[in-house]
Each structure stands twice: as structure tokens, then as C-alpha cells.
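Please look over the sequence and the structure shown here before reading on.

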Amino acid sequence: MTLPETNNSVVRIQPKLRWPGLSQPAATASAIAHRLRQMHDRLAAAYGPQHWWPAETSLEVILGAYLTQNTAWKAVERSLVQLRTAGGLSLDGLRSLPLEDLQRLIRPSGFATRKAPAIKAFVSLLDREFAGSLESLASTPSAKLRTRLLALPGVGPETADAILLYALGHSVPVADEYLRRLAERHQLLFPAPARNRRGYEALVQLTAAAFAADSPAEHARLYNEFHALTVAVGKAHCGRIPQCTGCPLADDLQQLSRSSEDSTANG
Ligand code: SF4
């Protein structure tokens, strides 16, 4: 998703303090995971239930996951309205839409010449390997299905995981640029997660660790809420320039700053 611009920087990170990543000793990794779990709780208390994903059907979620790449959600909504009007929000509708028409209908979301063939490729996969059934697709084990989705054109890990979690109900975390910034600014991972596949997978592991003590039956719901909540705080406070004043996670940052000062004072 396109990230909002903000213009009031009050974040102060202690560059010398290095919180280890999850490859560090279990006790420390567990403390970091616990911190992230507490951050979820603070966000949930501040923002309440997020009711994601904003869509009426699984197919609509899948289309939204494709269309929202590098695009603000408002633009996706315009594409979805056009698709609905043209009967393109059903599998049969998508199958019968010529590629050029699909490109025209999703143009508001940008990158239509890349996204339209990618959506068509998804429908082809569904028809070829899953008898055209989203239920059959959803019944495939998560790891196998993730690999299959990632092999499709135009599907990176964030899109694959959003489809798995929000459209198909699998218990997989979703990471994005908002969570990457949060992990970097709160020094949850060392090294800080990069904007690449490795950084993405580190964020996914961190999220899974944060909710590891929760019942597995709750994981899909918690991953769903956590991703939506990190987007909420990202849009409200943690854009390209953070606005920490009034942010629900400011306490964690202040605690981090105090720990850094203690560690510097103790040599
Ligand atoms: S999440 Fe909030 S407190 Fe943390 S860096 Fe971003 S704006 Fe600041």
C-alpha cells in the first residue's frame, strides 16, 4: 500500500543499543517477542477491532491483495467498483473478461498491464490445479500453498500471505512496510529488517514468535488484527517521518531509550 507522508519528527533512537534478533539466545528472543505482543495489546486497546479485510468475498480479498500493491486503498476501491459494475467480481466474470477489458477496469490501481495478467494467471492456476474452486485452494496445506502462490507472476510474500490469511483463513502472519518501520524504530530486530525477502521473513518470524504463547486456534484472528493494527498506527503516526507524540507505542520507545541510557551509564 502507498504509505502516508508525515512531517513531525520526534523519534529518538539510540543508535548504540542493539536489540538482538530472533537468532539470538532464546531468553532474549522471548523478551523481544513479549514486547511485540504487548505492543499489539496497546494498539488493540487504542484502536479497537479493525474488521479486516474490507471486502465482501474471498475473491474480492484476493483481487484487493493484487490491486493494492504499490497503490493506496482508495484507488483499489475505485477499481473494485468498476469491476463490480462489469460483473468482474466473480470467477466466471473474471474468466470471461478479455485481458484488455480487465486492464481498463483496474487502471485506477495503477500497473494495470502487470496486474491484469497476474490476476488472470491466478484464475488459470485455480482452474488448472484446483478445479476452479477457492474451497479446494483453501484446503491445501499452508506451506505448500504459499510456495505455489509465490511461483505465480506478480505475487510476492506480502501478497501471498495476505491471500492466505484474509481470503483463505490460514494462520500465517502478514508483514509490510509499516511493520518493518516499527521493528526498525523500536529496535526489535538486529540487524534492522531490510526491504527485501530476508527482511520480510524476519518480520514474519518475529510476529509468529510474539503470538506463540497464544492458542493456535486464535492465531489467524490475532495475525489478522495485528496486521490491521500496525497499518492503523502506521497511517496515524509512523509514516516516513514518525510522529511519536500521542502514539500508543510511545511508551515502548521511551522504555527503550531509558534502557539505552542505563546500558551506556553502566559502561
Ligand atoms: S510506532 Fe509510534 S512511537 Fe514508535 S516510532 Fe512509530 S510513531 Fe514513534
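The paragraphs below take up confidence, one leucine, the ligand and a pair of helices.

This is a predicted model, in which local features need pLDDT of at least 70, side-chain atom pairs count only at pLDDT 80 or more, and totals for chains, interfaces and linings use all residues. Residues are numbered from 1 along each chain as its sequence is written. The average pLDDT of the chain is 90, and 89% of the residues score at least 70; pLDDT is the predictor's confidence in each residue, from 0 to 100. Over residues 1-23 pLDDT stays under 50. Where pLDDT is low, the predicted coordinates should not be read in detail.

Leu 63 belongs to helix α2, residues 58-67; helices are DSSP runs (H or I, at least four residues), numbered from the N terminus. Leu 63 is buried, because 25 other C-beta atoms lie within 10 Å, and the cut-off for buried is 20 or more, with C-beta atoms placed from the backbone. Beyond its neighbours within four places in sequence, Leu 63 is in contact with Leu 80, Leu 83 and Ile 119, where contact means C-beta atoms, placed from the backbone, within 7 Å.

The ligand is surrounded by 14 residues, and the closest are Arg 185, Cys 238, Pro 242, Cys 244 and Cys 247; a residue counts if its C-beta atom, placed from the backbone, lies within 6 Å. Two or more residues of this shell come from each of α10 (177-185) and α13 (250-265).

The axes of α10 and helix α11 (residues 197-210) come within 10 Å and cross at roughly 75°. Therefore α10 is roughly perpendicular to α11, a term for angles of 65 to 115 degrees. Leu 179, Arg 180 and Ala 183 of α10 meet Gly 199, Leu 203 and Leu 206 of α11 in this contact.

Key
Buried ≥ 20, exposed ≤ 12 C-beta atoms within 10 Å, placed from the backbone. Contact = placed C-beta atoms within 7 Å. Axes fitted to C-alpha atoms, helices over the stretch in contact; angles between N-to-C directions. Parallel < 35°, antiparallel > 145°, perpendicular 65-115°, else oblique.
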